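Dear colleague,

Please find below the structure that I am passing on to you. My notes on it follow directly after.

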Amino acid sequence: MKLSSIILRTLLGVATATLGYVVTHKYPSQIVLFGIPQLFPTIIAFALGAFSVLILPIIALQISRWFHGLIGKIVMENLTRFWEEQLTRFRERELFTLSEEAEESDSECEEELGGIVLDTSVIIDGRVLDIVEAGFLPQRFIIPRFIVEELQDVADSEDDIRRKKGRRGLKVLEKLRKKKGELFEVWSGDIKGKDIDRKLISLAKRREALLLTIDFNLNKAARVTGVEVLNINELANALRIPFVPGETLTIKLIQPGKEEGQGVGYLEDGTMIVVEGGEEKIGDQVKAEVTRSLQTEAGQMIFATLSE
């Protein structure tokens with residue numbers, strides 16, 4: 001223990017003991033213990049002095065630690081949120097500035113035909129960045145300004161999940177801009193109407209561009225109007241490894257199926273495996289033999305039985 005701490009505790013103990021002695025000696029003077037008039041105030045003074053020297057500093061230390069921890073947590077949370085918001089706004093301004101510079105330097109480039117229009121869902125999803133880094137989708141990317149504004153609104157949402165999605169989308173856009181370079185265009189024009197899907201379809205038609213999305217309804221609506229759509233979910237389904245009847249696979253069953261006795265597991269790519277007779281093996285890794293497969297819009301579903 002430091003000398004300053006010892007001195008401080010001693011002074012505190014002496015002051016508390018003196019105060020206790022003076023108060024108890026002055027007022028409850030009628031209390032006499034064992035026939036000794038000064039014994040009661042002396043005991044009180046000793047107890048208060050011991051408490052202030054031994055116990056009070058520990059209580060004060062714990063309160064101090066709790067108070068500083070609480071204040072520190074609040075300050076860190078507020079600072080983190082502040083800097084995240086500032087970084088998000090900086091990214092948005094950077095994207096807007098890029099579009100304004102492109103508009104001033106070459107207005108004709110904005111109306112260049114072809115390319116790929118990206119919607120909000122595929123930007124937030126983020127897999128497009130992996131596809132680009134793998135060398136695919138070499139076309140010009142067209143990011144409507146109203147999509148950037150929608151991402152900003154999502155990033156400023158009070159809902160924590162929506163806020164994280166919006167910030168993720170802005171980060172993906174920033175990385176795509178650096179990766180694509182001159183082939184990254186923020187389209188600053190506007191299309192009448194408030195429906196985002198209709199605006200995207202109209203822009204894709206106007207620019208004779210492809211539309212990249214994972215939105216099921218937008219996918220259907222765009223194809224009905226004659227716009228060619230690239231759907232990352234369909235690409236992922238097409239790249240999944242096909243399974244044929246009789247093939248054996250190893251799968252961990254994690255939940256029961258819809259029918260009695262079924263166990264369900266998933267492959268790394270998200271393919272659902274339904275194993276007949278696997279309900280009793282839930283939680284275990286089993287070998288199963290494929291009996292049939294079913295391809296749906298949501299993905300591939302494999303049916304199998306336990307392999308002996």
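The accessible surface of the protein chain is about 19,500 Å², and 59% of this belongs to carbon and sulfur atoms (Shrake-Rupley method, 1.4 Å probe). This is a predicted model, in which local features need pLDDT of at least 70 and side-chain atom pairs count only at pLDDT 80 or more, while totals for chains, interfaces and linings use all residues. Residues are numbered from 1 along each chain as its sequence is written, and side-chain values use heavy atoms, with hydrogens and water left out.

The protein chain has 308 residues, 34% of which count as buried (under 20% relative accessible area, 1.4 Å probe, protein chains only). Its secondary structure consists of 9 helices and 10 strands (DSSP runs of H or I with at least four residues, and of E with at least two, numbered from the N terminus).

Five strands make up an open, parallel sheet in the order β3-β2-β1-β4-β5 (strands pair if DSSP finds at least two bridges between them). Because β3 (184–187) and β5 (229–231) each have a single partner strand, one side of each edge strand lacks a neighbour in the sheet. Within the sheet, β1 (residues 116–118) and β2 (residues 141–144) are joined by 2 bridges, and Val117 has Ile142 of β2 as its bridge partner.

Helix α5 (residues 145–155) is largely enclosed by the rest of the structure, because 8 of its 11 residues are buried. Among them are Phe146, Ile147, Val148 and Leu151.

Yours sincerely

Conventions: Buried < 20%, exposed > 50% of the residue type's maximum accessible area, 1.4 Å probe, protein only.
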